[in-house]
Amino acid sequence: MEAYSAIMSIAHEIKHARRTVALTGAGISAESGLGTFRGKDGLWSKYDPAVVASIESFKRDPRKFWEFAREIGWIFLTAKPNAAHIALAELEVMKRLDSVITQNVDGLHQRAGSKRVIEIHGNAGRIICTRCLAEYATEKIVDRIAREDVPRCDRCGGSLKPDVILFGEPLPKRAFDQALKKVRSADLLIAVGTSLEVYPAASLPEIAKKSGAKIVSIDSERTGWDDLCDYKVSGPAGEVLPRIVQAIRITF
Ligand code: APR
């Protein structure tokens with residue numbers, strides 16, 4: 001289906017849906033300058049996730065994680081929401097979007113104005129002590145992160161770790177239970193910029209489909225799960241999502 005008619009059909013579906021839920025991945029933040037993980041220029045083509053982003057490796061030697069975090073992390077603090085984040089926030093204001101389930105840890109949905117965001121992989125804006133669970137705002141301790149191999153807790157000296165889910169860690173139970181509840185009660189799921197290769201997040205569209213929802217994919221590439229979709233628009237989310245919002249505004 002060519003893009004224009006797919007966009008019009010998706011706008012129509014959103015307009016007539018009882019509950020629309022969005023599921024986002026790294027691709028929605030690509031136009032904000034944040035790298036995606038997979039694909040030829042993805043972070044995992046430069047770094048080994050088992051070494052720099054697994055809980056096992058973190059427990060063994062957190063320095064490797066922090067080296068990686070220092071190399072890629074600063075952009076998180078300065079990145080701005082793009083037109084795709086803003087379009088989803090507008091759909092929420094228009095009462096056309098129930099909530100955003102995100103795999104991203106960048107907080108850009110909230111910065112774009114979205115109020116109902118479910119973060120299933122945590123948020124890099126928070127740092128937690130792995131021993132006493134003391135919590136720090138990342139922006140408050142950037143100097144220490146820059147200076148110390150492994151930033152330590154003021155209170156107990158334990159090693160600090162961003163409140164993000166590393167490979168091998170369970171997802172935050174409350175957030176994932178909320179996400180499951182949302183996709184089971186949705187009649188339309190819009191997945192944006194995710195390759196859906198990481199479980200259990202990758203199971204959400206299938207669960208939604210089994211619960212009777214229609215599935216929309218907005219991705220700049222073909223993904224391994226396109227066949228599950230009722231609608232697919234290939235293009236940058238920052239171009240496609242505003243066009244869908246525009247179509248809802250002017251046509252229905
Ligand atoms: N607009 C839309 N889609 C895009 C854009 C864009 N501008 N740029 C890239 N994409 C698409 C890619 O084609 C790809 O399908 O975004 C997807 C990004 O996929 P991944 O890099 O695999 O990211 P994601 O699906 O979010 O990864 C899931 O894996 O590494 C872990 O914890 C990490 O949350 C992450 C999880």
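1. A polar contact here is a pair of N or O atoms within 3.5 Å; within protein, one must be able to donate a hydrogen and the other to accept it, and residues adjacent in sequence count only if both atoms are side-chain atoms. With that in hand, a nitrogen atom of the ligand lies 2.9 Å from a polar backbone atom of A237.

2. A word on the source: this is a predicted model, with local features needing pLDDT of at least 70 and side-chain atom pairs counting only at pLDDT 80 or more, while totals for chains, interfaces and linings use all residues. Residues are numbered from 1 along each chain as its sequence is written, and side-chain values use heavy atoms, leaving out hydrogens and water.

3. Back to the ligand, where side chains also take part. An oxygen atom of the ligand is 2.5 Å from an N or O atom in the side chain of S195, and an oxygen atom of the ligand is 2.9 Å from an N or O atom in the side chain of H121.

4. Leaving aside residues up to four places away in sequence, L88 is in contact (heavy atoms within 4.5 Å) with A22, T24, I28, L97, V100, H109, S114 and L241.
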